[in-house]
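Okay, thanks for having me. I'd like to walk you through a two-chain model today, so let me put it up on the screen.

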Amino acid sequence: MTSVSIKNLDLNFGSVKVLKQLNLEIDHGEFLVLLGASGCGKSTLLNCIAGLLEVSDGQIHINDKNVTWEEPSDRGIGMVFQSYALYPQMTVKGNLSFGLKNARVPKDEIESRVARAAEILQIEPLLHRKPAALSGGQRQRVAIGRALVRDVDVFLFDEPLSNLDAKLRADLRVEIKRLHQKLHNTMIYVTHDQVEAMTLADRIAIMKEGLIQQLDSPAEIYNRPVNKYVADFIGSPSMNFLDGDMSTKGKFKTGGTEIDLGNYEFVDGPIGAPVWFGFRPEHVIVGEAATSQPFSTKVVAEIVEPMGSDTLVWTSIENQPFRVRVDGQASIKTGDEFLLGFDPARASIFDKENELRV
Amino acid sequence: MTNSSSNTTVEMTGPRGAKPKRALSPRNIMIYGVLLVVACYYLLPLYVMIATSLKGMPEIRLGNIFAPPVDITFEPWVKAWSQACTGLNCEGLSRGFWNSVRILIPSVAISILIASVNGYALANWKFKGAEVFFTILIFGAFIPYQIMIYPMVIFLRELGLFGKLGGLVLVHTVFGMPILTLLFRNYFTSLPEELFKAARVDGAGFWGIYFRIMLPMSIPIFVVAMILQVTGIWNDFLFGVIYTKPDAYPMTVQLNNIVNSVQGVKEYNVNMAATLLTGVVPLVIYFASGKLFVRGIAAGAVKG
């Protein structure tokens, strides 16, 4: 049974097409993350679902009811905004109960719902304070609480953690995940942060220029990106790409280096055309162990970036930059020659013409 | 050897800490000197007015306008307020004052109320034709009032409001609309849009959002609009003299009639007192509103 379903959605701002014939089905209790660079239409899509933007064409169904023309408050959604959007002149309690008062919910019902939300989010001591007297993390909890008291089936999050510092972001991320496990609501979460997307999502929809590039589980998106854009977008440091061709069946050739693709899983079997050979920096093995890999070569470390837990080494294969992520304790220094190796089965190969996975 | 990052005190020579400032540097003398001279220059007329208003006529005839009053008398003030004559009427300025108050309060209240709703609708509810409507309104702000005087006379006559206080209130409301709407629209646009969205998700409607969310957040801009309107309407002369009849003249018009009456002796002390009395309301607003007043002037500067 679907919770939210979007059918052939179009949205134009004047002559600019922001969303193009978008289709999306979200199951009950699913945590869906819309991920993309800024300007890809992910927030626009969320605003359309919320009813804050009028769609140009297409339909939106929530709980099998066509809500395309409904007011935001009648759609059975709660929304959490990036800037918290708390009403500054009201207390926390006033903020939580504002929507319920508008819906003419009886007073004792309001009391009990506010109390429950406050308990879940542990903001009981703050109920009589004004938003200005709260920290960023507390404000975002109140904002989540405001969606919570509405007792809705669908939660919409618009980059809720982007205004918080890194440590708080990590804490609240876990809390949102805990909340989802407790409530089992449908959640649609917009972010540009791939860590949030990977950790929170049941499924991720990666968007670019108003189109969904790939809709899959985080693992599938990480391991088998459908095109070069997705491969490049997901992963930090991002994927290495080697420019070459596969004119010899089952072999990738770039400059004088040849990589036997061995047991790489092709989508439709190997093609004889120019391709991008993508490989994640963290899947490269260095040192003695590299010799046991199907492919290995000797390279020189050009730049070394130690990051504590691990170290990023910039090197090159056939004059094309190639990043390698090694253990933080590894003793590679700038100018050192070392051996790297990897298993081409973990690579992602894209047709150079249409940038799709082969 | 001591560890360089420990908290031990290190020997230092040469400049340290904040740079000392001299109180009597050439720079300071220059700045304060110029400010003092300019302040005196602007305060001098005010001093002359106050001094003259406290003198009796014999003292004024001596011609020393800068001399402080020897015999302080409040007679001219009393006369200006309750006895000065304009034509046949000898009730003083008090009648004009109450006329002005009766014009001021509804004009300020109605114009701010309408303009704030206009600005809110233009900023937050992007209705069809909003841009066109706004452009027309702003265009109105750049048309000189004088052009519209005669059409307005006919308009008021047709409405049966010509010569009545209600007519003048209508005129002030209409002419205040472009600048006030612009003021409110810009302010509401500067409020975070997400707040408006959150209120919509919470089920508040057009008026609900206006009264419960926007209004409580906009007190400063309401004060600015009020300052702008109160000083503007109080100081207005042109509309007052055109659209009302003698018994409904506002204070400014009456002041003019007192000061410019050509019969008999020119009572400079009464004239000065009358002028000061008329200027009291804007002056009180200036001093009471402080910082917000500067914003009011800055907003009013758009009017040109």
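First thing to ask: where in chain B does UniProt place the feature "transmembrane region"? The unreviewed entry puts that feature at residues 29-50, 103-123, 132-153, 165-188, 209-234 and 270-288 of chain B. Keep in mind that what you're looking at is a predicted model.

Let's pick out a couple of those spans.

Staying with chain B, how is the chain divided into domains? We have domain 1, residues 26-73, and domain 2, residues 94-303. Their centres, taken over C-alpha atoms, are separated by 33 Å. Six residues of domain 1 of chain B and seven residues of domain 2 of chain B make up the contact. On the domain 1 side, the elements giving two or more residues are helix 1 (26-53) and helix 2 (57-61) of chain B. Helix 1 of chain B gives the most there, with three residues. If you sort that side of domain 1 of chain B by class, you find three nonpolar, two polar and one charged.

Over to chain A. The domain assignment gives domain 1 as 2-228 and domain 2 as 230-351. In chain A the C-alpha centres of these two domains lie 38 Å apart. The contact uses 10 residues from domain 1 of chain A and 10 residues from domain 2 of chain A. On the domain 1 side, strand 10 and helix 7 (218-223) of chain A each put in at least two residues. That side of domain 1 of chain A splits into five nonpolar, four polar and one charged.

Strand 10 takes us to the sheet. Chain A has an open sheet of six strands, ordered 6-7-8-3-9-10, with mixed pairing. Which strands sit at the edges? Those are strand 6 (77-80) and strand 10 (211-216) of chain A, each pairing on one side only. From one strand to the next, the twist averages 20°.

Inside the sheet, strand 3 (residues 31-35) and strand 8 (residues 186-191) of chain A run parallel and are joined by five bridges. Zoom in on Val33(A) and you'll find Tyr189(A) as its bridge partner in strand 8 of chain A.

Gly78(A) stands opposite Phe155(A) of strand 7. As a reminder, side chains in a regular strand alternate between the two faces of the sheet. So are the faces of strand 6 of chain A covered or open? Both are covered: Ile77(A) and Met79(A) are buried on one side, and Gly78(A) and Val80(A) are buried on the other.

Last stop, the two chains together. Here 14 residues of chain B are in contact with 16 residues of chain A. On the chain B side, helix 8 (193-201) and helix 9 (206-217) each supply at least two residues. Which of chain B's elements gives the most to that side? That's helix 8 of chain B, with six residues. By class, the side of chain B that touches chain A has eight nonpolar, two polar and four charged residues.

Technical notes
Residues numbered from 1 in each chain as written. Chains lettered and ligands numbered in written order. Predicted model: local features only at pLDDT ≥ 70, side-chain atom pairs only at ≥ 80, totals over all residues. UniProt positions renumbered as here; feature names shortened; annotations may be inferred. Pairing = 2+ DSSP bridges. Helix = DSSP H or I, 4+ residues; strand = E, 2+ residues; numbered from the N terminus. Axes fitted to C-alpha atoms, helices over the stretch in contact; angles between N-to-C directions. Buried ≥ 20, exposed ≤ 12 C-beta atoms within 10 Å, placed from the backbone. Domains from an automatic or database assignment. Contact = placed C-beta atoms within 7 Å. Nonpolar A, V, L, I, M, F, W, Y, C, P; charged D, E, K, R; others polar.
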